[in-house]
Amino acid sequence: MTPVHPPDERLVAFLAGELTDSERSDLETHVAECPACAARYGEFEAVDRALTGPSVPLAAVGRRVRFRARVAAARSPRRLVVAACVLVAVGVAIGWIGSGTVRPANAAIVRQGDSPLYMVIFNEDPRSWADTSAAARGERSAAFGQWFRSVGGREVNLGGAQLVRGEGRRYGPGVAEAAMRAMPGSLEMTGFIVIRAASHDEVARLVRRNPILGRGGQVIVRRLYP
Amino acid sequence: MLVRRAARGDDRAFDILAERHAPALLRLATHRLGGDRVVGEEVVQDALVRLHRALPRFRGMSSLRTWLVRITLNLCADEARRRRRAARHVAIEEADRHGPVLEPGESVADDVARVRAVIARLPDGLKTVIELRYDAGLSYLEISEVVGCPLGTVGTRLTTALREIRREIALENSK
């Protein structure tokens, strides 16, 4: 009796785990006894193996997503007014508003057809500020201010650490806590700006010069809109 | 049920769901976007943010996995359209047409990049089935739901795609 060779579709279904137990058993028996089918199977199996890549770990993705989802939910018009008040207060406290390039956040920052908006988040070890002298802190602030002015000529909105600490709770329950937990390692969010730029690469070029990168801090850039 | 717990606001349940599905979605998005893992991660996060918003309304008409895969494919298509419009970054079409530069004479199984380069040149129907099977890890039934084709067609397309990859690699090796 001439053996019935399984079609390629059957070999591929075997590799994909789509056969029933009895179908799998029949195919295994045939391939073990038929060199021609074993060769065909081997070729499909080699491609299958090359395509079955290792798993890619994505640490804490759930927490990051929840954080983003809640911030987005909190960005309702009424809450934007509250956010604007907080940002103005922060900006005045830091002393940046009035430099000519800085404006407080407002509900009109997202406009259809504009260049994308990017949020540039600064993460630092908060102890690195507590452990330094007032003079050193002043130098740091000056260096940051110098970098900040170098992004001039753009529409920029800014925020400080207070936004996600005490004042952050105004955005809704759990947001401040989520913001803190979302940051990796010992770094905490100490501030952010929202900036309009033509591309992610353009923002990346700007943030590479930010002084906090030179002292172990971290800057995260996220596209906000569109 | 994790979905029900997450829909009720159980953060731990949502974390488990996100971490369970994110790796496959990232593989899918990254390959779909011509190997751009950074944007791939953004796409996956966007897809999961949409899930977070939609959970209270999620009726379970389709499996969560196929729902997320559909959203991810749509977001990848949006991103590709946005790139074409803006004409910035490396054009995905270029990467798709040419793929990485390959050295001939290496074995199929040892060189994932060569196989990926062949996939990039496959017709979209075959490429999508390969990505859904190997990147997203979908079953034939799930692929048929996402693509909207009969179950038998999934098997035929997958076999045709693997045969084509095998043939192209053999051709390269013989040069």
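Tutor: A residue is buried when its relative accessible area is under 20%, exposed when over 50%, and partly exposed in between (1.4 Å probe, protein chains only). By that rule, 42% of the 226 residues of chain A count as buried. The model is predicted: local features need pLDDT of at least 70, side-chain atom pairs count only at pLDDT 80 or more, and totals for chains, interfaces and linings use all residues. Residues are numbered from 1 along each chain as its sequence is written, chains are lettered from A and ligands numbered from 1 in the order in which they are written, and side-chain values use heavy atoms, with hydrogens and water left out.

Student: How many helices and strands does chain A have?

Tutor: Chain A has nine helices and four strands. Both are DSSP runs numbered from the N terminus (helices H or I, at least four residues; strands E, at least two). Along the sequence of chain A the order is α-α-α-α-α-β-α-α-β-α-β-α-β.

Student: What share of the contacts in chain A between residues at least 6 apart joins residues at least 24 apart in sequence?

Tutor: In chain A that share is 79%. A contact here is heavy atoms within 4.5 Å.

Student: Why are α2(A) and α3(A) called roughly perpendicular?

Tutor: Helix α2 (residues 21-33) and helix α3 (residues 35-51) of chain A pack at an angle of about 110°, with their axes 5 Å apart. Axes are lines fitted to C-alpha atoms, for helices over the stretch in contact, and angles run from 0 to 180 degrees between N-to-C directions. Under 35 degrees is roughly parallel, over 145 roughly antiparallel, 65 to 115 roughly perpendicular, and the rest oblique. The angle therefore makes α2(A) and α3(A) roughly perpendicular to each other.

Student: Which residues make that contact?

Tutor: From α2(A) come A:H30, A:V31 and A:E33; from α3(A) they meet A:P35, A:C37, A:A38 and A:Y41. By class, the contact of α2(A) with α3(A) has five nonpolar residues, one polar and one charged. Nonpolar covers Ala, Val, Leu, Ile, Met, Phe, Trp, Tyr, Cys and Pro; charged covers Asp, Glu, Lys and Arg; the others, Gly among them, are polar.

Student: What makes α8(B) and α9(B) roughly parallel, antiparallel, perpendicular or oblique?

Tutor: The axes of α8(B) and helix α9 (residues 151-174) of chain B come within 8 Å and cross at roughly 100°. α8(B) and α9(B) are therefore roughly perpendicular to each other. Their contact involves B:Y140, B:L141, B:I143, B:S144 and B:V147 of α8(B) and B:L151, B:V154, B:G155, B:R157 and B:L158 of α9(B). The contact of α8(B) with α9(B) has seven nonpolar, two polar and one charged residues.

Student: How do you know whether B:V147 is buried, partly exposed or exposed?

Tutor: B:V147, in helix α8 (residues 140-147) of chain B, has 31% relative accessibility and therefore counts as partly exposed. Leaving aside neighbours within four places in sequence, B:V147 is in contact with B:T128, B:L132 and B:R157.

Student: Why is A:N210 called buried?

Tutor: A:N210 has 2% relative accessibility, so A:N210 counts as buried. A:N210 sits in the loop between α9 (200-207) and β4 (218-225) of chain A. Not counting residues up to four places away in sequence, A:N210 touches A:F122, A:F144 and A:W147.

Student: What makes B:H21 and B:I71 count as buried?

Tutor: B:H21 has 13% relative accessibility and is therefore buried; B:I71, at 14%, is buried too. B:H21 is in helix α2 of chain B, whereas B:I71 lies in helix α4 (residues 64-86) of chain B. With residues up to four places away in sequence not counted, B:H21 touches B:L64, B:R65 and B:L68. B:I71, leaving aside its neighbours within four places in sequence, is in contact with B:A47 and B:R50.

Student: What makes a set of residues a nonpolar core?

Tutor: Its members are buried Ala, Val, Leu, Ile, Met, Phe, Trp, Tyr and Cys residues joined through side-chain atoms within 4.5 Å. The largest nonpolar core has 68 residues, of which A:L51, B:V69, B:I130, B:L162 and B:I165 touch the most other members. Helix α2 (residues 11-32) of chain B gives the largest share of this core, nine residues. Apart from it lies another core, of 14 residues, including A:V120, A:F144, A:L206 and A:V219.
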